[in-house]
Amino acid sequence: MSLFAHKEKCRRRLDNETIVTPVGQFLPRAVFASVDTKYRTPDTSHGITHGGDLFAWEDDEAHLELLRVGLPFETPDGEVLGCQVAVWRFHVLRNMHSVLFDCSWIDFPLSAKGGVDCGEHLDAQTWDCLGHRIALGTEDTHSLAYRAKARYEMPARFARELSPSSRVRSDGIQVSTGLNVIQFLHDGIRVALPSLDPGERCQVHFVVAWGTPANENDRTAWFAIDIPAKKLVELGGCE
């Protein structure tokens with residue numbers, strides 16, 4: 001069973017799942033049950049003609065696939081030196097109480113300066129390091145809830161569970177009660193999904209872009225990571 005529908009495989013050497021930038025590498029990672037993809041090599045991998053690279057892990061509790069895609073360097077907001085995408089798809093076979101996806105530096109550069117840098121529908125971090133600006137982003141919780149409502153690679157019940165909500169305390173202070181699944185790490189971003197039931201599927205992605213900023217206000221790399229989930233899969237030659 002393939003979670004990413006695609007037309008044609010191609011022979012292409014795949015070294016590993018890492019995303020390589022001029023100043024360091026990022027590792028897309030998934031953790032569920034007894035499986036941690038950081039320590040377990042994919043069961044299968046192949047290239048996709050006119051598309052990305054596909055890695056798969058098979059387990060008696062779930063089926064997991066990673067689509068890695070290199071995107072065009074030219075964006076409406078300017079040109080970046082590189083842009084790489086990691087799109088996870090996950091199909092649950094047994095009850096799953098915890099599913100984690102993250103993308104972080106393998107060796108965090110000591111000279112990197114930056115941090116959380118979010119926008120509308122985008123949770124992100126940016127760092128400046130050795131003359132480069134690196135941006136890492138994913139969908140925010142609101143966007144995940146919207147995809148659940150649209151029934152696109154997310155359980156429909158998540159539309160309610162992930163939707164932002166609030167309540168007013170007895171002292172009149174309004175507090176958020178919505179479930180926020182995005183966690184900012186010092187060296188990356190994590191998506192911690194609620195429990196999943198047998199037969200449910202989900203999709204989570206991370207985008208990394210980098211360039212040499214013209215000035216401290218240059219936002220080209222940041223704009224390059226703000227791409228809709230469905231578009232990313234199409235750019236990888238899949239559905």
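Student: Over how many bridges do strand E2 (residues 19-21) and E3 pair?
Tutor: Welcome! This is a predicted model, in which local features need pLDDT of at least 70 and side-chain atom pairs count only at pLDDT 80 or more, while totals for chains, interfaces and linings use all residues. Residues are numbered from 1 along each chain as its sequence is written, and side-chain values use heavy atoms, with hydrogens and water left out. Strands (E, at least two residues) and helices (H or I, at least four) are DSSP runs numbered from the N terminus, and two strands pair if DSSP finds at least two bridges between them. E2 and E3 form a hairpin with two residues between them, and their antiparallel bridges number three.

Student: Which residue takes a positive phi in the hairpin of E3 and E4?
Tutor: E3 and strand E4 (residues 35-36) pair antiparallel over two bridges, and one of the facing pairs is Phe32 with Val35. Two residues lie between these strands. The one with a positive phi, near 50 degrees, is Ala33.

Student: Is Gln125 buried or exposed, and why?
Tutor: Gln125 sits in strand E13 (residues 122-129). Because its relative accessibility is 3%, Gln125 counts as buried.

Student: Which backbone oxygen does the side chain of Gln125 reach at 2.6 Å?
Tutor: A polar contact is a pair of N or O atoms within 3.5 Å; within protein, one must be able to donate a hydrogen and the other to accept it, and residues adjacent in sequence count only if both atoms are side-chain atoms. A polar atom of the Gln125 side chain lies 2.8 Å from the backbone oxygen of Leu185. The backbone oxygen reached at 2.6 Å belongs to Gly188.

Student: Which strands are the edges of the nine-stranded sheet?
Tutor: This open sheet runs in the order E1-E5-E6-E7-E10-E19-E14-E13-E12, with antiparallel pairing. One of its pairs is E5 (residues 44-48) with E6 (residues 53-58), joined by four bridges, where His46 stands opposite Leu54. The edge strands, each pairing on one side only, are E1 (9-10) and E12 (113-116).

Student: Which element gives the most to the lining of the largest pocket?
Tutor: On a 1 Å grid over the protein atoms alone, a pocket is an open set of points where a 1.4 Å probe fits, with protein on both sides within 12 Å along at least five of seven lines; lining residues have an atom within 4 Å of a point. Sixteen residues line the largest pocket, and Glu139, Ser143, Ile227, Pro228 and Ala229 lie nearest its centre. Strand E14 (132-139), helix H1 (141-149) and helix H4 (229-235) each supply at least two lining residues. With three residues, the element giving the most is H1.

Note on methods: Buried < 20%, exposed > 50% of the residue type's maximum accessible area, 1.4 Å probe, protein only.
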